[in-house]
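Please work through the following exercises with the sequence and the model side by side. Each one sets a task and then gives a solution in steps.

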Amino acid sequence: MKKDLSEYRKAYEKSALLESTVSDSPMELFQKWFHEVEKSGTSDEPNAMTVSTLGLDGFPKSRVVLLKRFTYEGFIFYTNYLSEKGKAIEKNPKVCLSFFWPGMERQVIIKGTAKKIPENMSDGYFESRPTGSKLGAIVSEQSEVIPSRDTLEEKLRELEKEYEQKEIPRPDYWGGYLVSPVSVEFWQGRPNRLHDRLRYTLEKDYRWSLDRLAP
């Protein structure tokens, strides 16, 4: 089996990324870009991001999760702490997040350190979730081998009966991570593959330096 993809071509002409137009903080630029993607309607899930970790087996692994909040401190997402990614973060909290918004010809790559958020924050978000999502967090022993799909569905039916008319508590193995960035790179597609790449780096005095990278 083979397929030649060498004829795939795309022209990048929608925007530019110049030092004279960006702020001193990568979080402010991220917020600006995120709102522009939302407004453009070019992405069904603008908060979809790839989280890359170094696994216990020594291999890097990437998967798509949903960003649920961002502030000047960093980026927050939720998961099962006992999952493959949770175990990887426990051993090595250095992670990479990436966003790709093809409709805007933009990409953001974030290197940072992940740590668990306070329990009350995880409680608050868990409470806001739909009932099915709450039960799903309990049903799934994420990343573990299971015998069949029927196993999950049977367990879900049992929990639906158990928690009918009852409050569903957040499992202690489920919650949020805050990724505090040390480097944030913004990529804007440009003609002739001479793309714009601006990288913010957190310095020892907690100020951000800004560099342009060759495409």
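This is a predicted model: local features need pLDDT of at least 70, side-chain atom pairs count only at pLDDT 80 or more; totals for chains, interfaces and linings use all residues.

Residues are numbered from 1 along each chain as its sequence is written, and side-chain values use heavy atoms, with hydrogens and water left out.

**Exercise 1.** Determine where S122 lies and whether it is buried or exposed.

Solution. Begin with the secondary structure, where helices (H or I, at least four residues) and strands (E, at least two) are DSSP runs numbered from the N terminus; S122 belongs to helix α3, residues 119-128. Next take the accessibility, for which buried means under 20% relative accessible area, exposed over 50% and partly exposed in between, with a 1.4 Å probe and protein chains only. Because its relative accessible area is 1%, S122 is buried. Then list the contacts (heavy atoms within 4.5 Å): leaving out residues up to four places away in sequence, S122 touches Y78, Y81, I117, R170, W174, G175 and G176. Finally, the side chain of S122 reaches the backbone nitrogen of G176 at 3.0 Å.

**Exercise 2.** Describe the largest pocket by its volume and its lining.

Solution. A pocket is found on a 1 Å grid over the protein atoms alone, as an open set of points where a 1.4 Å probe fits, with protein on both sides within 12 Å along at least five of seven lines, and lining residues have an atom within 4 Å of a point. The volume, which is the space filled by probe spheres set on the points, these being joined across faces, edges and corners, is about 360 Å³ for the largest pocket. Its lining has 16 residues, of which Y78, T79, R129, Q142 and W174 lie nearest the centre. By element, β2 (60-66), β4 (74-80) and α4 (131-139) each supply at least two residues of this lining.

**Exercise 3.** Locate the positions of the UniProt "binding site" annotation, and examine K10 and R193 among them.

Solution. The unreviewed UniProt entry gives R9, K10, A11, Y12, K68, Y125, R129, S133, R193, L194 and H195; such annotations use the numbering given here, with shortened feature names, and may be inferred rather than shown by experiment. They are spread over 187 residues of sequence and also in space, up to 43.4 Å between C-alpha atoms. From this set, K68, Y125, R129 and S133 are part of the lining of the largest pocket. K10 lies in the segment before α1 (26-40), and R193 in the loop between β7 (174-188) and β8 (196-202). K10 is partly exposed because its relative accessibility is 38%, and R193 is partly exposed at 40%. Beyond neighbours within four places in sequence, K10 is in contact with E105 and R193, whereas R193 touches K10, Y12 and P215. Between the two, the backbone oxygen of K10 lies 2.8 Å from a polar atom of the R193 side chain.

**Exercise 4.** State the extent and the strand content of the two annotated domains.

Solution. UniProt (unreviewed entry) lists "Pyridoxamine 5'-phosphate oxidase N-terminal" at residues 45-158, a span of 32% helix and 38% strand whose end C-alpha atoms lie 32 Å apart. The same record type places "Pyridoxine 5'-phosphate oxidase dimerisation C-terminal" (unreviewed entry) at residues 174-215, where the span is 0% helix and 64% strand, with its end C-alpha atoms 39 Å apart.

Definitions and conventions:
A polar contact is a pair of N or O atoms within 3.5 Å; within protein, one must be able to donate a hydrogen and the other to accept it, and residues adjacent in sequence count only if both atoms are side-chain atoms.
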